[in-house]
Amino acid sequence: MKSNKIALSNSIFFLILLATGCSNNSGSLPNATTYTSQTTSVSDYNYLIGPGDSLSIFVWRNPDISGSFVVRPDGKVTTSLVEDLVVSGKTPTALAREIENELAKFINNPRVTVSVGGFKGPLSEQVRVIGEAAQPKAINYTENMTLLDLLIRVGGVTDFAAGNDAKLIRMVNGVQKSYKIRIDDLIKEGEIEHNVDMLPGDIIIIPEAWY
């Protein structure tokens, strides 16, 4: 009996040492990778293809190699002649020219048109609203989107939101910058001068008010 107690004590002591060792050896995870959108101005926006998008690839006079394809989670598609073609992060026009170059290896003077459906887009192009929004979510960016448009999409803010302490996080020249925005003044006081343009990849953080 005594030997069993000693063995049990030794086992518990070993587990404690192991847990302590794991705790001491655990480090901080690296920061999430940041991506700079190709769109840096509201006047120069082009939709980029992303995972989940439906692509219709039409090759003139070659219906047998035309077709519809869904972009895989890795951002690629496979056509009848081209395997694992990277399409994510490209405009439909740029992709059409790239496919033409690939098909030129098999057919003479190919002419390709690419159209998009589904409109998921790359995650890096979505606009995110977190914190005390009524419906926090990631939203696909659309042309000329403003802060007011975005707030309508998330149903406004909760009763506990400190809207005037909200922040807009944006990548500028590869650097993540923070800007103060006044949501309460915009949607509760109607001060439209606090409406601002949104860009792909923007993050809105709405904190909770302290009462």
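This is a predicted model: local features need pLDDT of at least 70, side-chain atom pairs count only at pLDDT 80 or more; totals for chains, interfaces and linings use all residues.
**Reading salt bridges and a sheet**

Me: Good. Now the charged pairs: why can such side chains pair at all?

Reply: Side chains of opposite charge can pair when their charged atoms come close. In this structure there are eight salt bridges.

Me: Which residue forms a salt bridge with Asp84, and how far apart are the closest N and O atoms?

Reply: The partner is Arg72, and the closest N and O atoms lie 3.0 Å apart. This pair connects distant parts of the chain, twelve residues apart: Arg72 belongs to the loop between β2 (67-70) and β3 (76-77), while Asp84 belongs to the loop between β3 and β4 (85-86).

Me: And with which residue does the side chain of Asp74 meet in a salt bridge?

Reply: With Arg72 as well; the N to O distance there is 3.0 Å. Arg72 has 28% relative accessibility, so Arg72 counts as partly exposed. Asp74 is partly exposed too, with a relative accessible area of 44%.

Me: How about Arg170: with which residue does Arg170 form a salt bridge?

Reply: With Asp202, the closest N and O atoms being 2.7 Å apart. Here, too, distant parts of the chain are linked, 32 residues apart: Arg170 is in strand β8 (residues 166-172), and Asp202 is in the loop between α4 (183-187) and β10 (203-206).

Me: Is Asp202 buried or exposed?

Reply: Asp202 is buried, its relative accessible area being 0%. Arg170 is buried as well, at 18%; the cut-off for buried is under 20%.

Me: Which residues do salt bridges with shared partners join into one network?

Reply: Arg72, Asp74 and Asp84.

Me: Now the sheet. How do strands pair?

Reply: Strands of a sheet pair through backbone hydrogen bonds, either parallel or antiparallel. In this model, an open sheet of five strands has mixed pairing and runs in the order β7-β6-β10-β8-β9.

Me: Which are the edge strands?

Reply: They are β7 (137-139) and β9 (175-181), each of which pairs on one side only. On average, and ignoring direction, neighbouring strands of the sheet are turned by 20 degrees against each other.

Me: How many bridges join β6 to β7?

Reply: Three, and the two strands run antiparallel, with β6 covering residues 127-131. To find one on the structure, look for Val129: the bridge partner of Val129 in β7 is Lys137.

Technical notes:
Residues are numbered from 1 along each chain as its sequence is written. Side-chain values use heavy atoms; hydrogens and water are left out. A salt bridge is a side-chain nitrogen of Lys or Arg within 4 Å of a carboxyl oxygen of Asp or Glu. Buried means under 20% relative accessible area, exposed over 50%, partly exposed in between (1.4 Å probe, protein chains only). Helices (H or I, at least four residues) and strands (E, at least two) are DSSP runs, numbered from the N terminus. Two strands pair if DSSP finds at least two bridges between them. Axes are lines fitted to C-alpha atoms, for helices over the stretch in contact, and angles run from 0 to 180 degrees between N-to-C directions.
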